Amino acid sequence: MKKKVLALLLCGAMAVGMLTGCGSKPADTPADTSTPSETPAATTPAPAETTPAPAETTAADGCPGVDGLNIGVCIYKFDDNFMTLYRTELQRYLEAGGATVTVMDGKNDQAEQTNQIQNFITEGVDVLIVNLVQSTAAANITDLCSAADIPVVYINREPDDDEKARWTADGTKATYVGADARQSGTFQGEIVLNTANKGDINGDGKVSYVMVMGDPENIDAQYRTEFSIKALTDAGMEVEKLDEQRGDWDQARGQEIVANALTNYGEQVEVVFCNNDAMALGAKQAIEAAGRTVGTDIYLLGVDALTDALEGVIAGSITGTVFNDHIGQSHAAAEAAAKFAAGETLDTLIGVDYIKVTQENAQEILDLLK
Ligand code: GAL
């Protein structure tokens with residue numbers, strides 16, 4: 001029931017992207033613990049939310065078309081909050097549909113993951129779902145799969161445009177399912193623009209910020225970093241980058257980076273952008289330890305909508321986050337696998353929307369994801 005409601009909300013919120021399960025395309029989502037999503041809150045100018053949703057998504061049911069299939073799933077590493085939510089729902093959805101699923105931990109090592117893929121190929125799986133350790137490995141992995149005539153569905157880490165163009169040119173059975181990280185960055189910037197002072201807390205005419213990046217090789221990190229700031233400058237705000245460090249999606253790193261930034265720049269820091277919620281949760285600890293108050297003398301943004309982050313948004317200790325729809329994305333990936341196995345041809349990109357989350361809709365999202 002809850003899942004059905006979520007599906008409805010997601011479908012409704014999805015005007016722009018496509019959703020998974022909602023009859024047409026997939027959507028993306030964050031993982032586990034917290035899942036959330038939805039409506040553009042007060043701040044969002046985004047397209048969202050208008051479409052009345054085809055109500056019948058089958059979030060709680062199994063994936064259609066996978067009964068009897070043997071599916072190999074490779075995750076870049078298990079020790080990642082968001083991807084844990086993602087893979088848990090992916091496995092559940094596939095198994096509920098009757099598939100036999102094996103999920104491997106790439107341990108953040110591309111050589112290890114490539115071995116796992118070779119083993120799946122030797123075993124003769126019907127289809128592979130792959131969260132690459134390195135997006136740049138896509139060409140090699142695609143060639144391995146293609147030579148064995150095994151379709152591959154990439155998730156979470158997007159191969160570049162040249163690689164996707166190659167799939168089209170060669171008729172390769174490969175696709176990427178995911179969200180457009182530019183949208184999540186834009187949503188972060190919009191949340192700041194919707195605060196009373198548009199992020200310029202001290203009124204000096206510029207927004208002085210600290211950026212905590214994920215893995216900089218990852219397009220999600222690159223686009224979130226770029227587009228959060230672009231939203232501000234597009235709106236006419238002047239910005240000042242005080243610090244930018246890679247936190248590799250990790251909470252402890254987020255804490256350390258922001259603690260250092262607050263020591264070095266003190267009151268100058270008006271906004272802390274984190275490329276994901278795990279790092280924002282670390283940043284929140286550092287902000288509290290420094291005696292700063294989110295919403296009063298500093299703003300803090302994340303992405304994913306993990307449960308703890310949603311609770312922070314509700315409490316006001318995190319300004320906002322962006323729902324990275326792990327349910328929509330995992331379902332879209334599973335459905336793409338089913339279609340490939342049935343011999344269908346798919347687009348090289350299957351998109352899922354993000355949803356802006358502020359204090360206005362965080363509880364709603366949290367309730368839906370419980
Ligand atoms: C992002 C997500 C991060 C991390 C990363 C792994 O989409 O926001 O939390 O899971 O994927 O590639």
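**Entry 1: the β4/β5 pair**

I began with strand β4 (residues 152-155) and strand β5 (residues 174-179), which run parallel and are joined by 4 bridges. I took helices (H or I, at least four residues) and strands (E, at least two) as DSSP runs, numbered from the N terminus. Two strands count as paired if DSSP finds at least two bridges between them. This is a predicted model, where local features need pLDDT of at least 70, side-chain atom pairs count only at pLDDT 80 or more, and totals for chains, interfaces and linings use all residues. Residues are numbered from 1 along each chain as its sequence is written, and side-chain values use heavy atoms, with hydrogens and water left out.

I looked up the partners across this pair. Val153 stands opposite Thr175 in β5. Tyr154 stands opposite Tyr176 in β5.

Buried here means under 20% relative accessible area, exposed over 50%, and partly exposed in between (1.4 Å probe, protein chains only). From β5, Ala174, Tyr176 and Gly178 point one way, while Thr175, Val177 and Ala179 point the other way. All of these are buried.

I noted the angle convention: axes are lines fitted to C-alpha atoms, for helices over the stretch in contact, and angles run from 0 to 180 degrees between N-to-C directions.

Next I checked β3. Strand β1 (residues 70-75) pairs with β3 in the parallel sense over 4 bridges. β3 and β4 also pair in the parallel sense, over 3 bridges. Which residue is the bridge partner of Ile129 in β4? I found Val153.

Contact means heavy atoms within 4.5 Å.

**Entry 2: the sheet of 4 strands**

I moved on to another open sheet, with 4 strands in the order β7-β6-β8-β9 and parallel pairing. Its edges are β7 (238-246) and β9 (299-301), each with a single partner strand, so one side of each has no neighbour in the sheet. The twist averages 20° from one strand to the next.

β8 and β9 run parallel and are joined by 3 bridges. In β9, Tyr299 is the bridge partner of Val271. Helix α7 (residues 219-234) lies across β6 (206-213), β7 and β8. It runs at about 170° to β6.

**Entry 3: helix α11**

I tested the length of helix α11 (residues 326-341). At 1.5 Å a residue, its 16 residues should span 22 Å, and the end C-alpha atoms are 22 Å apart, which agrees. The expected span is 1.5 Å times one less than the number of residues.

Of the 16 residues in α11, 14 are buried. At the start of α11, a side-chain oxygen of Asp325 comes to within 3.1 Å of the backbone nitrogen of Ile327. Just after α11, Gly343 takes a positive phi of about 90°.

**Entry 4: whole chain and confidence**

I counted 12 helices and 12 strands in the chain. Buried residues make up 59% of the 370 residues. Among contacts between residues at least 6 apart in sequence, 79% join residues at least 24 apart.

The chain averages 87, and 84% of the residues score at least 70. Where is confidence lowest, and where is it highest? It is lowest in helix α1 (residues 2-13), at a mean of 42, and highest in strand β8 (residues 271-274), at 99. Over residues 1-5 the pLDDT stays under 50, and the model has 11 contacts for them beyond four places in sequence. Over residues 10-59 the pLDDT is below 50 as well, with 204 contacts in the model beyond near neighbours in sequence.

Methods: pLDDT is the predictor's confidence in each residue, from 0 to 100. A polar contact is a pair of N or O atoms within 3.5 Å; within protein, one must be able to donate a hydrogen and the other to accept it, and residues adjacent in sequence count only if both atoms are side-chain atoms.
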